[in-house]
Amino acid sequence: MKVCVIGAGASGLCAIKNCLQNNLDVIGFEQSNEIGGTWVYTDKIDKDERGLDIHSSMYKGLYTNLPKELMCFPDFPFPPQEKSFLPASDVLSYLKLYVDTFNVRSKIKFLHAVERVRPLIDNSWEVIVKNLITNMNETFIFDAILVCTGHFNVPHIPKFEGQKTFRGRQIHSHKYRVPKTFHNERVLVIGGSSSGTDLAREISNDANLVLWSHHLKEQVDLKAIKNNVIQKPDISRLTENGVFFKDGTFEMITTVLYCTGYEFTFPFLSIDCNLSCFENYVQPLYKHCININRPSMAIVGIIFNNCPFQTFDLQIRFYLKFLIGEKSLPSRELMLLDTEKDMNERWQRGLSTRKAHSFGDGYQNDYYKDLAVTADIQPIKQYVTKMYSENQQNRKRDITTFRNYKFTIINDETFKTQLLLE
Ligand code: FAD
C-alpha cells in the first residue's frame with residue numbers, strides 16, 4: 001500500500017516512522033529543505049529564499065511549555081539532561097535523533113511542496129507536487145494520505161474598530177522573533193494563551209510599558225515580572241495612537257502584538273476531498289482525525305491544548321490499524337453519529353467553533369483512552385495526563401517559575417517533581 005505523508009514536522013516524522021514499522025510503502029513530501037517544521041528557528045519573517053511563506057512561528061527565546069517527559073513520543077524519550085523544560089533547539093535535535101534512529105530521512109522528498117490532493121474514481125489519490133529545485137510539477141498516485149502540515153503558521157487576527165486608523169505597528173506573534181524590536185515602546189499584547197502569556201513577559205524587559213489584554217477568568221499573578229506589565233480587559237477600539245479598553249480606560253501605544261492564534265488551512269485539498277474547515281472546525285472527522293467521507297485520508301494533530309507529540313503517535317497508530325485492515329472502521333453513519341455525540345457534548349460545555357478541537361486538562365485523558373480502546377492499541381502511559389495537570393497547575397500558580405520544575409518518571413503511572421534553583 002502506498003502512503004503519502006504531507007509535511008516533515010514532528011507529526012509527519014512520526015507518521016513516516018510508524019508507516020515504516022507497518023511495512024507500508026511511504027513517501028513524505030516536505031516543502032522546506034529540513035525536518036522539524038515549527039521547531040526550525042529562522043530570523044526571516046515573510047518569505048524564504050524560494051518565495052514560500054515562512055512556516056515556523058518559533059521565536060528565539062522560546063522554551064517549551066511542557067516538560068520533555070511529555071514532549072517526547074511515547075517510545076522515544078529525550079536524551080537525559082537535568083532540566084525538564086528545553087530551548088527549541090533541543091527539540092529540533094531530538095527530532096533529528098528520532099529521524100536518524102528510525103531511518104526516516106530517506107523517505108522524505110525535501111523541497112517538494114504539495115499543491116493539490118484529489119481523489120480519483122478508483123478511490124486512490126492523485127497528489128500534485130511542485131519540485132522546488134526544478135520548478136516543475138510532478139504527479140504521484142497513493143492509496144492513503146496523512147496530512148501533517150501543522151496548524152500554527154497562518155495568523156488569525158480578530159477584527160477591531162480602528163485597526164486601519166492606528167498609525168503604529170501591528171504584528172502577529174507568528175512574526176515575532178526577539179524582544180529588542182520593542183525597545184522603549186508602549187506595546188499592546190492581545191491574547192491570554194501560551195504565546196500571549198510568554199511574550200507579554202519576554203518583551204517587558206525591553207519595552208517601556210506592556211498592556212496585556214486578555215479575557216482569562218482570573219488575573220494572572222505576575223509576581224516576579226517587572227512592574228511595567230499591566231493586565232487589561234478586552235479592547236473596544238484602536239485610535240490613531242492608542243487604545244480604548246472595554247472598561248472605558250484609554251492608553252497611548254506604539255505597537256500592537258497579536259497573540260491571537262492561527263487559522264487552520266488546507267489549501268492543497270480539492271473540494272471533492274469532502275472536508276470543510278470553518279473557523280478552525282474541520283469536519284467531518286472521526287475521532288478528530290479520520291476523514292469520514294474518505295477514510296483513506298487522515299488529518300494528524302488537529303487537536304490542541306494537549307500533549308502534541310503523544311497525540312501524534314497515538315492518532316497515527318490508531319489510523320494505521322484501520323488502514324492496514326487489522327480493524328474495521330464503523331460504517332459512515334456510525335462514525336457520523338459518534339462525532340455528533342462528541343461535538344454536542346463539546347457545544348454543551350460552551351466551547352466556541354474555534355475551540356471545536358480543543359482538549360486540555362480533564363478531557364484529553366478520555367480522548368486518549370477512547371482511541372486506544374477503539375483501535376485496540378497500546379494506550380498513552382498513565383503518568384502523562386497527571387503530569388500535564390500538575391504542569392498546568394504550576395503554570396497557573398506562577399507563570400514565572402513553572403519551568404523551574406524538574407519531572408522524573410518513576411514508572412508508567414507515577415512521577416516525582418522537584419523545584420530546581422535557578
Ligand atoms: P509543523 O511543525 O508545523 O510541521 C509541518 C510541516 O509541514 C512543516 O515542515 C511545513 O514546511 C510542511 N508543509 C506545510 N505545508 C506543506 C505542503 N503543502 N507541502 C509540503 N510540506 C508542507 N508543542 C509542544 O508540545 N510544546 C511546546 O512547548 C510547544 N511550543 C510551541 C510554540 C510555538 C510558538 C508554536 C507555534 C507551537 C508550539 N507547540 C508546542 C506546538 C507545535 O506546533 C507542535 O508541538 C508540533 O511541533 C507541530 O508539529 P506538526 O508536524 O503538526 O506541524
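Phenylalanine 29 is buried, with a relative accessible area of 2%. Phenylalanine 142 also counts as buried, at 2% relative accessibility. Both values come from a predicted model.

These two residues open the aromatic story. A pair of aromatic rings is described by the distance of the centres and the angle of the planes. The count of aromatic pairs here comes to 27. In one of them, the ring centres of phenylalanine 29 and phenylalanine 142 lie 6.0 Å apart. Their planes meet at 85°, so the pair is edge-to-face, because planes over 60 degrees apart count as such.

Now turn to phenylalanine 78 and tyrosine 94. Their ring centres are 3.8 Å apart and their planes are at 10°, so this pair is stacked. Phenylalanine 78 lies in the loop between α2 (68-71) and α3 (88-101), while tyrosine 94 is in helix α3. The pair therefore ties together parts that are 16 residues apart in sequence. Both phenylalanine 78 and tyrosine 94 are buried.

Ring pairs join Phe78 and Tyr94 with Phe73, Phe76, Tyr98, Phe102, Phe309 and Phe312 in a cluster.

Another charge over a ring involves arginine 346. Arginine 346 lies over the face of phenylalanine 359, at 4.3 Å from the ring centre.

Methods: Residues numbered from 1 in each chain as written. Predicted model: local features only at pLDDT ≥ 70, side-chain atom pairs only at ≥ 80, totals over all residues. Heavy atoms only, no water. Phe/Tyr/Trp six-rings, centres within 6.5 Å; stacked < 30°, edge-to-face > 60°. Buried < 20%, exposed > 50% of the residue type's maximum accessible area, 1.4 Å probe, protein only. Helix = DSSP H or I, 4+ residues; strand = E, 2+ residues; numbered from the N terminus. Lys NZ or Arg CZ within 6 Å of the ring centre and 35° of its normal.
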